[in-house]
Amino acid sequence: MQKGGRMTYGFGFWRSGYQALIPWNWRWITYCDDHFDYLRDPSCSGCGNRLDENGNVIPAIYWECFREGVDDYRYLYTLEQVTIARQNNSDSRCQALVRESKALVQQIWDSITPQEKYLFSNMWVDEEFNAVRWRIAVLTGELLKFPAASQEIAPSVIADTSKRITVQADVFEWLKENGVIEKHNLGENNFAKWRTVDKEATAKIVNSNEKLPNRPILQVNFKVDYKIDGSDEFNGKYPIGWPAIQRVFAVNEVELNNYDYLVFNVKIDSDRDEVADDHTPVIITLSSHESARCDIQLDLGGIQRKWLPVRISIRDFIKKSNNDINAWKYLKALRFAIAESSYKDGTNISFEFDDIALFKVKYPIIETIECANNLLLPAEHLKFSVSCMGITNLSINKEYFLRADLKDKNGNIFITKSLALSNSNCLTLNIIGILPGSYLLDVAIIDRDNNVLSLKTHNINAINGFLEDNKK
């Protein structure tokens, strides 16, 4: 939340096009010996505020991050203003700086994925914020050495907002196309073993004219009713309940911890109004024959009458349940439900399901590298994390390794590091002595015979921070 707070009120606010933000403000009492020491009190939040002896508000970390974000935005707009004011300056040196400034603003714009909430997904890494601010400050200072050529007021965004960003191909789709995935179909081509578990849910198998080849799909309808408890298992205690559809599996039928993802296609239709249909919350529940159970809540969004692909990591289920992986050996049931409390009374909503399946990646594949694009020098370490697919079963750690090579623009390796592949792949490279310039971070998964199974490259721009040596 701290990083998200800074992005929300700074670069993300600029990128997302909001005109105003209204933060929540609440009080949170500490229970440790020191009333103001909320950092070491596990019951406290870094988001609330404290009051001193005189009733004055003491801002917590989250609120300080809001201020950092506001400052980020001020730095960015200051650069845009001095750039626009000098874009007609005839000095060739000034023109070079104007081009560099506009390129930096465009890079910042292109690097941010606009979101309704900036929390943890698709976010900059921590080090990126100050490095980008430093680049902005340096360029602003260089431009201010030249006189303004006009009094023109810069718009809030001078980047090319019509530029189409090249979206990286989905690794999972590439894996399917190239036969690196094993599939276990849970619909068994006709969904005959799926059953409703509530009288407020009805289901039928229909033929889809949209799918090629033509095949049966599962259509589930929910009638939200606040007065009737349609479930037999709660004896009428919860009229605002959880109607669902589920499939039950026999013991030893599906060895769940051998799979990496639950995948399905879904199409939503409802009689909700244009405001209510912006969100479609659902609950997906997995349970095992070893007595483990976990619910994952998803918002399928507001797109209706179009097929949407959904992919959920089995590892996320296991991690959220706080059970050992051995408690998830055999799948007992898979359930899709809605919480009636999330919908207005009387709402009719339907879901069409196609191709519900478990997928197993045959060998580990790198999905993403989370690393700073801008590295502020001096720096002793380069920290980054690697997300992989195909590593749900922990036994594979004995067979595969992760190797990272930091190279300069000529391909010379500055430093290399290897470690056994795990479910949490966070690496730290010692980069003492690194010079400003462009670098490539090559990350590969290799097997015991040193064969490269997956490789990704990340670009890094190392820049000088504030040093006395810079003045020379």
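Reader: Why is Glu352 called buried?

Author: Glu352 has a relative accessible area of 14%, and buried means under 20%, exposed over 50% and partly exposed in between (1.4 Å probe, protein chains only). So Glu352 counts as buried. This is a predicted model, in which local features need pLDDT of at least 70, side-chain atom pairs count only at pLDDT 80 or more, and totals for chains, interfaces and linings use all residues. Residues are numbered from 1 along each chain as its sequence is written, and side-chain values use heavy atoms, leaving out hydrogens and water.

Reader: What makes Glu352 and Lys267 a salt bridge?

Author: The rule asks for a side-chain nitrogen of Lys or Arg within 4 Å of a carboxyl oxygen of Asp or Glu. Here the N to O distance is 3.4 Å, so the pair qualifies. Glu352 lies in strand β13 and Lys267 in strand β8, 85 residues apart; strands are DSSP runs (E, at least two residues), numbered from the N terminus. Lys267 is buried too, at 13%.

Reader: How do you know that Asp355 and Lys183 form a salt bridge?

Author: Their N to O distance is 2.6 Å, which meets the rule, so they count. Asp355 sits in strand β13 and Lys183 in strand β3 (residues 181-185), 172 residues apart.

Reader: How many salt bridges does the rule give?

Author: The count comes to 19.

Notes:
Helices (H or I, at least four residues) and strands (E, at least two) are DSSP runs, numbered from the N terminus.
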